[in-house]
Every structure is written in structure tokens, then in C-alpha cells.
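Dear colleague,

I am passing on the structure below, together with an account of what was found in it. Please keep the model open while you read.

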Amino acid sequence: LVSFGGLKGYLAKNPETEVVIFAGKGGLGKTTCSAALSLWAAREGKRVLCFSTDPQASLSDIFEQDLFGKGEVEVEKNLFVTEIDADKRIADYVESIRAKIKDMYKLEELPPEIEQYIQSASAEPAMYESATYDAMAELLATRDYDLYVFDMPPFGHGVRMIAMAEILGKWVEKITDARKQAQEYEEVAAKLRGGKISEDKVLEELNDIRKKLTFFTEVMLDRKRSAFFMVLTAEKLSIMDTETALKMFEGLGLNLSGLVLNQVYPADLKESPSEFLKNRLEMQEAYLQEIRKKLGDHVISVIPMFSKEPKGLWMLADVAKHLINSPTRLW
Ligand SMILES: Nc1ncnc2c1ncn2[C@@H]1O[C@H](COP(=O)(O)OP(=O)(O)OP(=O)(O)O)[C@@H](O)[C@H]1O
Ligand SMILES: [Mg+2]
């Protein structure tokens, strides 16, 4: 039987960790792990921010407090939780773009084709990811906390989000170049006319975005400062998904900090009189062996299946024990 180092082992080796991201397929325990780690770290004396944009308000649910769209709420000493209302953020953003365009071009109303374009762009699913990303970058830039725990939204597995850092950076760079060029032409044209052109608000804004992204990307890609954990369960789809994600990580030149194996049925169910439970346990055993073979080196913590959904500080502290110290031995 092998015991695992738990997140404590990882954090001891990486004391400069300031961002932790839990990724993984939907419904396996990202939010549970994010909340448990945040609680533990806060009780260790760190000033912690636990963040999510889940429209289901899963952090409100797990901390048993209404946090949605309420800003950074201190749930316990040093433990701050923020649940961003991404839809509202997108709506505000779109409104600010409308205002800027109207202001720059001195318009009373936006032309219908531009209005239509803005509306269809804001309905893109990518807008939701961008809003999440933007909120993360903004919070990190404040440097208000010792530890930021980012609970990834319940679609995709969060790895794409991390890849976005680089992609967005390049994209903003390109637009900035194009804009600079345009401005040079405008200056020439203005000189010929004998006038002067006003400061470029777009370029200013692009510069701000770029600064924020650059800083965020730097932290995200710094292995000493950012940790990525994936949550998996002893089930076929979860194993397949984790393998895919690992390949994505490699392709992006990123480092997976470790796998958290969640919802493991206790081995003493073998003695259970229930055929159903015995069968479930046998099935799990086969998948555990598969995990050991394919992904065993990455497993860092094992969390047992609890008899009810872990919620509230008291139960979360119990989950944290497993996540942090990982006393369960396997294979
Ligand atoms: N170890 C466990 N024992 C029992 N129930 C668990 C355990 N871990 C998670 N759960 C339950 O499983 C469900 C999914 O967990 P959680 O919300 O943490 O997953 P998630 O990855 O954040 O999901 P989503 O992708 O929807 O955001 C929740 O109802 C949670 O209470
Ligand atoms: Mg969740």
C-alpha cells in the first residue's frame, strides 16, 4: 500500500505558491477541493481568496452563505470568498464598450449594424471564459492576498483557460501593432492638414489590457508561484479526460502539479452484505489499478467518498485533512 504526500507535501516543496487552480471534468470535486484548501490555508494564517464564476453559485452552496455577486466576503478570519456574476460583468463590459464608441465618434446612438455585432459577440460562450479570465487577472493584480484559489467553471476542464494566457497575450499584441500603425498614418495625415490628433484611447486601453495580461501570464506560467491540480475519480470517463488533459498540459509546456483522486469508496465495503455495493467496489478496484498504471506517478491526494455531500466549514475541514495530509493508502 502506497501513501501520498498530499498538498502539504507539495506546498512544503513549493513555499512560494500563490495561485492554486483545480481543474477537471464537471462534477467531480473542483469546488469541494477549492473550498477545502482555502479553509485550511486560512486557518494556517494565510490571507486567502477563493474565487469562482460558476453561475450555479456553488461556493455559496458549499460555504452555506449567499455570496453570489456580493464581492469579496470574509467567511471566516482570513478566508475571503468571491463569486463573480459573469453575466453581469459581461453586460457591464458591453455597456462600457457602447459608451466608449459613442464617446469617441460623438454619436447619440450606435448604428444598428454595430449594435447587432456587439450583441452577437457578447452572446459567445468565449465571452464567459474571457470574463472569468479577466476577473482572475484583475484580482491577482491587486496583490491583496497570500493565496488565490481559482475554482474553474463547470465546463471544459479548465486547461483551456490556462492556455488562454498565451493566446490572448499574442492577440492583444497584434491588435496593438495594427492600432499603432493606424495611428502613425493618422499622425502623418494630421500633420499634412496642419493639425494635431488627440490621444488614442483605444491604444491606451490596449496597453492596460496588455499590462494586466502580461502580469497574469507571468504568474500563471511560473511553476514556483502557480499550481495546477486536476481532480479525477475512479471512473472510465474521468480517467480518459485526465489523460487528454495531461497531453494538453505537455503540449502547452505547462506542468501539472498533481492529481487529486476524489470520491474513493472505502475498501471495507468488501465486507458489506450489499451485492450492489460489493459490485461498485469491484468496479472501482479495476479503475484504481488503471489509474495506478497510467497516472499513478501524478496522484498526490486521495479523498474518500463521504456519506453525504461535504458542505459547511465543519465538513470542509474534514475534506481538507484528506486533501492536505492524504492519510488514505491505496494500491
Ligand atoms: N468526496 C466526496 N464525497 C461525497 N460527495 C462529494 C465528494 N466530493 C464531491 N462531492 C459532491 O459531488 C458533487 C460535485 O462536487 P463539486 O461541486 O465539488 O464538483 P465540481 O467539479 O466543482 O463540479 P462542477 O464542474 O459542476 O463545478 C457535489 O454535490 C459534492 O458535494
Ligand atoms: Mg464547481
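Contact here means that heavy atoms lie within 4.5 Å. In that sense, and leaving aside residues up to four places away in sequence, Leu261 touches Leu232, Thr233, Ala234, Leu288, Ile291, Val299, Ser301, Val302, Ile303, Leu330 and Trp331. Please bear in mind throughout that this is a predicted model.

Leu261 also belongs to the largest nonpolar core, which has 43 residues, and there Leu261 is one of the members that touch the most others, along with Ile21, Tyr148, Phe150, Phe216 and Ile291. The element that gives the most to this core is helix 6, spanning residues 125-142, with six residues. Apart from this there is a second, separate core of 37 residues, whose members include Tyr10, Ile62, Ala227 and Leu323.

Turning to the ligand, there are 17 residues around ligand 1, and those that come nearest are Lys30, Thr31, Thr32, Phe306 and Glu309. An N or O atom in the side chain of Lys30 is 2.8 Å from an oxygen atom of ligand 1, while a polar backbone atom of Gly29 is 2.9 Å from an oxygen atom of the ligand. A nitrogen atom of ligand 1 is placed 2.9 Å from an N or O atom in the side chain of Asn262. Taken on its own, ligand 1 has 620 Å² of accessible area, of which the protein covers 82%.

As for the cysteines, a search of the whole structure finds zero disulfides. Cys33 is in no disulfide, and the nearest cysteine sulfur to its own, that of Cys50, is 11 Å away. Cys33 counts as buried, since its relative accessibility is 0%, and Cys50 is buried with a relative accessible area of 0%.

Gln263, which has its place in strand 7 (residues 258-264), has a phi near 60°, a positive value in a residue other than glycine, and at 28% relative accessibility Gln263 counts as partly exposed. Ser326, in the segment after helix 11 (312-325), has a phi near 45°, which is likewise positive in a residue other than glycine, and Ser326 counts as buried at 2% relative accessibility.

With best wishes

Methods
Residues numbered from 1 in each chain as written. Chains lettered and ligands numbered in written order. Predicted model: local features only at pLDDT ≥ 70, side-chain atom pairs only at ≥ 80, totals over all residues. Heavy atoms only, no water. Core = buried A, V, L, I, M, F, W, Y, C linked by side-chain atoms within 4.5 Å. Buried < 20%, exposed > 50% of the residue type's maximum accessible area, 1.4 Å probe, protein only. Helix = DSSP H or I, 4+ residues; strand = E, 2+ residues; numbered from the N terminus. Near = heavy atom within 4 Å. Polar contact = N/O pair within 3.5 Å; in protein donor to acceptor, adjacent residues only side chain to side chain. Areas by Shrake-Rupley, 256 points an atom, 1.4 Å probe, with all protein chains shown as cover. Disulfide = S-S within 2.5 Å.
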